[in-house]
Amino acid sequence: MTQFFVETSWLLPMYGLIGALLALPWSTGLIRRTGPRPAAYLNIAMTLVAFVHGLMAFRGIWNQGSQELLFSWFDFADVHLTLAFDISVLNLGVLELIAGLSLLAQVFALGYMEKDWALARFYGLMGFFEAAMSGLVLSGSLFVSYSLLEMLTLSTYLLVGFWYAQPLVVTAARDAFLTKRIGDVLLLMGVVSLASLAGSLNFNDLYEWVKVEGLSPALATLLGLSLIAGPIGKCAQFPLHLWLDEAMEGPNPASILRNSVVVTCGAYVLIRLQPIVVLSPVALTTLVAVGTVTAVGASLVALAQVDLKRTFSYSTSAYLGLVFIAVGTEWPGVAFTLLLTHAVAKALIFMAVGAIITTTNCQNLTELGGLGRKMPATTLAYVAGALGLVGVFPLGCFWGLRMGADFLSGDYPLLAGVFIAVNALTAINLTRVFRLAFLGAAQPKTRRAPEVPWPMAVPMVTLSVITLLLPLIMGKLALLPPWEYLNLPVVALILASGWAGVAVGATVPLSKSLARSLNRPLRIAQDLLAYDFYTERLYDKTVVAAVAILARFSNWFDQYVVDGLVNGVGLASLFGGEGLKYSASGQSQLYLLTIVAGVGLLGIFMTWTLW
């Protein structure tokens, strides 16, 4: 029976798509009498079926080894495209993570979006979202992966722009879509190049091709840079990182998935491309440089944010920066461990954030306070997620941070220091947010803050338990290193940096007004971090200004050169015709003379250069 589930595991991405299609009668308004909730129930049921099917397939594949399913899609001349699905323990495990978090997020959305008039449309988009992520994980072909990345980009655009009546939401959706398109276009160049060079886009064929193919350094560099451009955009890495901050304008249940498993899918594609990217040392160095800048920079920027969702969106970019460092230094195991543990903890953090927003209708930290006594379940969920996100033994991210710092400490001590610094800065930020939101006196918007209803509380409590039990789950799946390989000095540094961050976050003076300092250097530093190192303004003065100048020049050239040439030909024809009509006397010899003269002038013009 389990073999049946393994052989049909290629159907797993279809469940989310079926849920999206089933929601169409409600989302398009064809069915109004029942209200939109049946669409939500249908999507939740399809996600539950996908989770159960994936679990059975995972059990079946555990002792069998990887399998590859191939379906011929296009075969003509030298072009051979197949739909390849890689059925392995790793892929099915990641798919179960996606299905599980999607299920919890959809149940959470029942409470968060209970009174939203477009509930059916939201669940249809969530099903589309889930289908793209599930297919991306199971894909055994770079061609299919790229197609599903485009599907994921479209899903992000539609979900970020869900409340399209708000101008800021429309701008955020547009910016998120266009920013991702930059990386996608460069990735497409790499996909086309690989298809030409290797003759196949299946990952297994590409891995065999890499072993025997010798590319020139220039070609390998261009290929590697194009392949990493797509994941840089999907994972919100510098300089394509601003979209994730703006994407927080979308509904919170979508942000739960976006900050946990959506960015994980982009990094997962990068991990699968890593055996090809290693052909270029320049591409690997670029990965490390981009990851380092994003990890440290985003961690610092998060400390200065007063918006509850945006401060954690920058934290997501920071942790994905550590993943890029791990891939760039050829430690994919560290990258995968970080992705797994970060996804679970960050999803729980965003559930707690959604609970706060639902109760208070506020996500400004300067207007929150005293929620710890009023919302105990949300408080416990936030604490569990925060502990799982930093290096607190033996919870979640401790293992990824410990492995990264340990493996890099020998050859790249500075990069090991980046892991430790991000851990400390994240602990400071989490403690700062906890103090501002859950401690202190109640504010006007938090004086009446009841706990969230059960559709939101049950997923939070469930994920809190999973976060606390994650080390046991990882141990059962043989994802934890043996105890004898623990590097005690590195473990001590990780633990010390985490608790030092908590101590700093607990003792640093905080003001509800978060007033700017009167000290000029400190005020400049505050503004620098609050405005993300003025990255957006820098883009406005450089890239945006250059595009605007180019657009004005193109408009001038089109208006006065192209249109002028066309209009000139038209005017010449008009005046020529007006002049020739007076020669219409009806005498054939005059017509013949006109034709001979015209042909003669044309011949003189065409042979002028020969003279």
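I looked up Cys397 to begin with, and found it buried, with a relative accessible area of 0%, where buried means under 20% relative accessible area with a 1.4 Å probe and protein chains only, exposed means over 50%, and partly exposed lies in between. I noted that this is a predicted model, in which local features need pLDDT of at least 70 and side-chain atom pairs count only at pLDDT 80 or more, while totals for chains, interfaces and linings use all residues. Residues are numbered from 1 along each chain as its sequence is written, and side-chain values use heavy atoms, with hydrogens and water left out.

I then searched for disulfides, taken as pairs of cysteine sulfur atoms within 2.5 Å, and the structure holds zero of them. For Cys397, the closest cysteine sulfur is in Cys235, 15 Å away, which is too far for a bond. Cys362 is buried too, at a relative accessible area of 5%.

My next entry is Val422, which I placed in helix 19, residues 413–438; helices (H or I, at least four residues) and strands (E, at least two) are DSSP runs numbered from the N terminus. Val422 is buried, with a relative accessible area of 1%. Setting aside neighbours within four places in sequence, I listed Ala295, Ser299, Tyr319 and Leu322 as being in contact with Val422, contact meaning heavy atoms within 4.5 Å.

Finally I turned to the whole chain, where I counted 24 helices and two strands, and where buried residues make up 51% of the 611 residues.
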